[in-house]
Every structure is written in structure tokens, then in C-alpha cells.
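Open the structure in a viewer and keep the selection panel at hand. The stops below say what to select next and what is there.

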Amino acid sequence: MPTTLVSGGSRGLGLATVERLLARGDQVATFSRAGSAALTALAEQHAASLHTACLDAREPEEIRQFVAAARERFGGITHCIANAAIAHEGVLATMRDDQIDSMLAVNLTGSIVLVREAVRQMLFADAAESPSVVVVSSVVARTGSQGLSVYAATKAGLEGFAVSLARELGPRGIRVNAVAPGFLETDLSQTLSDDNRSRIVRRTAMGRLGTPADVVAAIDYLTSPRAAFITGQTIAIDGGA
Ligand SMILES: NC(=O)c1ccc[n+]([C@@H]2O[C@H](COP(=O)([O-])OP(=O)(O)OC[C@H]3O[C@@H](n4cnc5c(N)ncnc54)[C@H](OP(=O)(O)O)[C@@H]3O)[C@@H](O)[C@H]2O)c1
């Protein structure tokens with residue numbers, strides 16, 4: 001049975017991903033800074049197959065220990081989903097150094113360190129399970145969005161990381177892809193003003209914001225042998241925005 005790491009599994013897309021992976025039979029390890037009641041309930045329900053930890057993705061040593069603990073508990077790592085991220089909205093001219101630093105540290109460096117630690121273990125994964133990495137980007141990496149330039153830079157960086165890493169790891173049988181959601185109904189998008197929300201819905205072909213379930217379906221597919229010949233891709237899941 002596959003073992004899958006998911007960063008930021010306490011709520012939103014990360015939590016929905018953890019739920020889906022457990023339902024399909026994976027062993028799952030996830031972390032966030034604070035955890036959540038929903039994740040604790042899930043851990044009680046899936047005591048044998050869900051490993052949770054509280055740590056800060058800005059601390060590489062904590063990530064290293066998390067991956068080591070997951071490998072120790074479950075015997076290896078098959079897939080890694082780099083999902084945890086933060087977004088500080090605001091025009092660049094007034095953005096503080098600490099806001100820029102924290103977005104780069106969590107979204108980009110934290111994801112890269114997590115993937116590095118995971119890949120070291122995934123080299124020994126069962127090829128029949130088609131081991132893979134999925135990084136969670138955002139459509140704003142390519143479309144842009146006023147007030148999200150630094151956040152968009154971190155996501156564009158992740159997409160560049162994924163396509164290069166796909167070339168590096170393909171010969172070792174490991175696939176690397178990105179998913180790029182449009183705006184989703186989660187905590188991260190709660191700061192959207194009503195005007196902005198209506199504008200986004202109006203320009204979206206499907207006439208609504210996305211939900212975590214819309215994105216989980218793609219992550220489920222990409223981290224399965226059904227996607228064994230798909231690597232180096234970014235899949236936009238934005239309802240036609
Ligand atoms: N929501 C959207 O509209 C949208 C659109 C496009 C792309 N995305 C992307 O989708 C992914 C999930 O977003 P979401 O909406 O589900 O976000 P969310 O609801 O804010 O959840 C973010 C998760 O990351 C964790 N996290 C944040 N900072 C962390 C840190 N320093 N260390 C460890 N964990 C940390 C959070 O837990 P703690 O706070 O407890 O640490 C939480 O579990 C992100 O990569 C986001 O950029 C979201």
C-alpha cells in the first residue's frame with residue numbers, strides 16, 4: 001500500500017486530500033503548525049494509517065525529522081504532495097520584508113526541502129505504485145493577480161522546480177507534476193472582498209469558485225499508476241477562469 005506525505009493537512013485542500021488518500025487505502029503522513037479538530041478526529045478514526053505532526057515548514061530540520069518519522073513508521077515513502085502555503089495579499093510597494101520572507105520560506109523553500117527529503121526515500125519505492133510528487137501551485141502563477149505578486153512568484157517558482165525535477169527523476173521512475181487551482185472556497189480565500197469574489201465567478205466559465213474536491217480528484221489521479229506516463233505537467237483546475 002502506498003505511503004503519501006501531504007503538507008498542510010489540517011484544513012482546506014490539504015485536509016480534503018488526506019481524507020481521499022485514506023479512503024483509497026494509503027498510509028498518510030501530514031503536518032501543519034497547529035493541527036485542527038477535524039484532523040484529530042481523522043487521526044482517531046485511522047489510528048493505524050494516519051501520522052500527524054505539528055511543525056513549521058520554515059524550519060528545514062523539522063521537515064527532515066517529519067519525513068524520517070513517516071518513513072520509520074510506514075517503512076518507506078511513495079508519493080509527496082507539497083500543499084502547505086500562505087498568502088499575504090497587498091501591493092508590493094507596501095509589503096513588509098517579513099511578509100515576503102515568510103511566503104518564500106513556506107511556499108517555496110519549505111516545499112523544496114520537503115520534496116528533497118521525500119525523494120531520497122522514494123528512490124526505493126515500489127515502481128508498480130508509480131511514485132510521484134505533486135506540488136500545489138495556483139493559476140495566478142501564470143495569469144497574475146493584483147496584490148498577489150509575491151505569492152504568484154512562489155507558485156511560478158514551484159512550477160519551474162517541478163518541470164526540472166521531472167527531468168531529473170524520470171530516469172529513476174519518479175514523476176513530478178503540479179496542479180494549479182483557481183480560487184477555492186477555503187480559509188486561504190476568505191480575505192477576498194465580495195466584489196473580487198463576484199468578479200472571479202463572473203469570469204469563470206463554470207460560474208462558481210472551485211472546491212477542494214475539484215482539486216483532490218486531480219491529485220488522486222496524478223498520484224496513481226493510472227498517470228504513469230504523465231510527468232513535468234501543470235494541470236490547471238480553475239473551471240475555465
Ligand atoms: N484557496 C485558494 O483559493 C487557492 C487557490 C489556488 C491555489 N491554492 C493553493 O492550495 C494549497 C492549499 O490552500 P488552502 O486554500 O487549502 O489553504 P489553507 O486552508 O490556508 O490551508 C493551508 C495549510 O497549510 C498549513 N500551513 C500554513 N503555513 C504553514 C507553515 N508555516 N508550516 C506548516 N504548515 C503550514 C496550514 O496549517 P497551519 O496554519 O496550522 O500551519 C494549513 O494546513 C496552497 O498551496 C495554496 O497556495 C489555494
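**A salt bridge to start**

Select arginine 24 and aspartate 220: their side chains form a salt bridge, with 2.7 Å from N to O. Arginine 24 is in the loop between H1 and S2, while aspartate 220 belongs to helix H8 (residues 212-222), so this pair ties together parts that lie 196 residues apart in sequence. The structure holds 14 salt bridges. Keep in mind that the model is predicted.

**The ligand and its polar contacts**

Now select the ligand. Which residues come nearest to the ligand? Of the 31 residues around it, these are Ser10, Arg33, Asn83, Tyr151 and Thr186.

- Serine 10: a polar side-chain atom is 2.7 Å from an oxygen atom of the ligand.
- Arginine 11: a polar side-chain atom lies 3.3 Å from an oxygen atom of the ligand.
- Lysine 155: an N or O atom of the side chain is 2.9 Å from an oxygen atom of the ligand.

Taken alone, the ligand exposes 890 Å², and the protein buries 97% of that.

**The pocket and the shell**

Hide the ligand and look at the space it takes: this is the largest pocket. By type, the residues of the shell around the ligand comprise 15 nonpolar, 11 polar and five charged.

Methods
Residues are numbered from 1 along each chain as its sequence is written. This is a predicted model: local features need pLDDT of at least 70, side-chain atom pairs count only at pLDDT 80 or more; totals for chains, interfaces and linings use all residues. Side-chain values use heavy atoms; hydrogens and water are left out. A residue is near a molecule or strand if one of its heavy atoms lies within 4 Å of it. A polar contact is a pair of N or O atoms within 3.5 Å; within protein, one must be able to donate a hydrogen and the other to accept it, and residues adjacent in sequence count only if both atoms are side-chain atoms. Accessible areas come from the Shrake-Rupley method with a 1.4 Å probe; for residues, only the protein chains shown count as cover. On a 1 Å grid over the protein atoms alone, a cavity is a set of points where a 1.4 Å probe fits but cannot get out, and a pocket is an open set with protein on both sides within 12 Å along at least five of seven lines; lining residues have an atom within 4 Å of a point. A molecule sits in a cavity or pocket if more than half of its atoms lie within 2 Å of its grid points. Ala, Val, Leu, Ile, Met, Phe, Trp, Tyr, Cys and Pro count as nonpolar, Asp, Glu, Lys and Arg as charged, and the others, Gly among them, as polar. A salt bridge is a side-chain nitrogen of Lys or Arg within 4 Å of a carboxyl oxygen of Asp or Glu. Helices (H or I, at least four residues) and strands (E, at least two) are DSSP runs, numbered from the N terminus.
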